[in-house]
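Please have the viewer open as you read along.

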Amino acid sequence: MLMNLNGDEDRRARALKALRSPDEYRDDVLRKFVRLASQALGIPGSFISVLDDEHQHVQAAHNFTLTQSSREDALCRHAVDSDSTVVVPDTLLDARFETHPLIIGAPHIRFYAGAPLKNKEGIVLGTLCVTDTAPHSFSAEQVTTLKLLAALVMSFLEAWHSAGFADPVTGLPNRQRLIRDLQYLAVSGDQTPRRLVLIDCINMPRAYELARSMGMGPVENLLRDMATLLPLRLRPAPGELFYTVATGRFAVLTRDDSPLSADWVAQRLEGISADLGDGIAVALSTHTGEVTFNPGELPAQESLRRAVSALHEAIAGGVPSMRFSQASDARHTQDFTLMNNLASALRQNTGLWLAYQPKICLHSGLPVGLEALVRWRHPLHGELSPALFVPLAEKTELLSELTAWVTDRAIDRLTRLRNSGIQLPVTVNVSSRDFASGDFANALEMKMSRAKLPTSLLGIECLETESIIENPAAMRGLEMLRLRGFGISLDDFGAGYSNVSYLKRMPLDVIKLDRTLINEISSDTASRIIARSIISMLKDLDYTVLAEGIEDAATAQALTEYGCDQAQGFFYSRPLPEAELDEWLSWKLRSQC
Ligand code: C2E
Ligand code: CA
Ligand code: CA
């Protein structure tokens, strides 16, 4: 039977459930409240009890040993049912309690004063009470104090539970709750070192792909299944809580000496699968990351950030688990800062500039083109090599901005060259991600036509043969560029693994031989043979062959003999800033006249 119900049954059940859910940190605060009640009222025993339909649960107590009783036996039910403060100065003098088991037997309650704990919705959930084995008088002022304390306890509990501390899908405590638990740990004075382990077992892009075809229902099933599976597999000790910190991402907060380490968790979860419903299971691959810390040593958000950093290291490195490392975290932060700086440099057009390296015809010795190479004069770090920042930009959306910036400057350079009566094509380096985006060739053609320049004057240098061939969008992009009349060069041929059979499937004009392929031909017979046969094969296939990284006359001489068409390298010229390029060109073209 439900008694004292001001709210509906459901709301009461929910409020009671929240209060009865295990929460070490909340109950620790409640214990402080009851101690305060005893001290403030001068009554040695005190407790907070929660009453459901059948039982009284003692949630926090001070000098009081009872943990549970039937609702019927609870003195507190009188306060709850009457929704008012109940004071019994001497139970033995009160006819209601003559045969009461908690009075004639342990804990021998002789004095009792209890104030109801009533929430904002008017639902009475339990009581705050003071009690003793001896009788007491209790003044009106004491009653007021008890009521005030009960109101304080209730405000605390409402604040604690109102913030939405559970994940609506998995039902597990959520990230806000984790932050709060970490914050509480920091101020609790508990010095036991802790460990926070993050667990990522669901490839979210794949899960959303799944949601696209099957709807969100199966994905939510999967998340719920994971939440059930985790404690079953990992068998946490009491007090080791699981959290849902993001969709598909879980956390467990443990003591540092707990067996639940990132490594162990990853091992235990290896090869698991989760249920989408209707008996469809998907295999999950788990990554974990952990951080250890002394409570109070780090702000809560920082502990979580470090665990995330470790987890991302594990994911990026393709390993099951990773501990937080200051060094790799610092590197990542540096990279991140650098990319922020690059974004500003691009938007404000400051610090970035292009160097141009001439390409020489091996037969005539004349310049046949220029390669634009990006440079960055960083406000703090000075001149930065593109090898340092281009690969980072390639992982972000900044890449297309960088490419647009480079092509705009290269087109400006072409315009200036034309205005001085020089017709030399300029090539720019682009990654396959650039031209895989549909509109790349059109946009580039538009830029050239606005500058009133033929597309043949702008060349594209690309890398990553295999990734282009395997990506239909990139292949289409490349073909579009070729159709629009842009020259296409394949960069770094011969560096690493080069599959010649791929070449013919790509629309290419120039093959650039990588420096590593030719830098030993003047001293090593085998290198000579390899370079010679590659050049002759590429010539048979009708490509223009350009050798990169020529640093001496002997190499240039040998390459000319092998039939190589063009060359580029320090032997002819280093990549030059604008002003030096003008000087170099006027010297070179004059001396050739
Ligand atoms: P890459 O396209 O293979 O460029 C040739 C690199 O070799 C350049 O390095 C150049 O300075 C260097 N080099 C030229 N001749 C010689 C030589 O004789 N000896 C030696 N040891 N090195 C020589 P850099 O400028 O540091 O560029 C490095 C890489 O960064 C480039 O390799 C290219 O892949 C990339 N990169 C440069 N600019 C851009 C750009 O605007 N966009 C993109 N996506 N990548 C770029
Ligand atoms: Ca290049
Ligand atoms: Ca190259």
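Helix α8, residues 216–234, lies across β7, β8 and β9, and its direction runs at about 25 degrees to β9. Keep in mind that the model is predicted.

**The five-stranded sheet**
- Five strands make up an open sheet with mixed pairing, in the order β8-β9-β7-β12-β13.
- At its edges are β8 (241–246) and β13 (321–323), each of which pairs on one side only.
- From one strand to the next, the twist averages 20 degrees.
- Seven bridges link strand β7 (residues 194–200) with strand β9 (residues 249–255) in the antiparallel sense.
- To find this pairing in the viewer, pick Arg-195, whose bridge partner in β9 is Thr-254.

**The six-stranded sheet**
- Another open sheet has six strands, ordered β3-β2-β1-β6-β5-β4, and its pairing is antiparallel.
- Because β3 (68–70) and β4 (86–88) stand at the edges with a single partner strand each, one side of each is left without a neighbour in the sheet.
- Neighbouring strands here are turned against each other by 20 degrees on average, direction ignored.
- Strands β1 (residues 45–51) and β2 (residues 55–62) run antiparallel and are joined by six bridges.
- Within this pair, Ser-46 stands opposite His-62 of β2.

Terms used. Residues numbered from 1 in each chain as written. Chains lettered and ligands numbered in written order. Predicted model: local features only at pLDDT ≥ 70, side-chain atom pairs only at ≥ 80, totals over all residues. Heavy atoms only, no water. Pairing = 2+ DSSP bridges. Helix = DSSP H or I, 4+ residues; strand = E, 2+ residues; numbered from the N terminus. Axes fitted to C-alpha atoms, helices over the stretch in contact; angles between N-to-C directions. Contact = heavy atoms within 4.5 Å.
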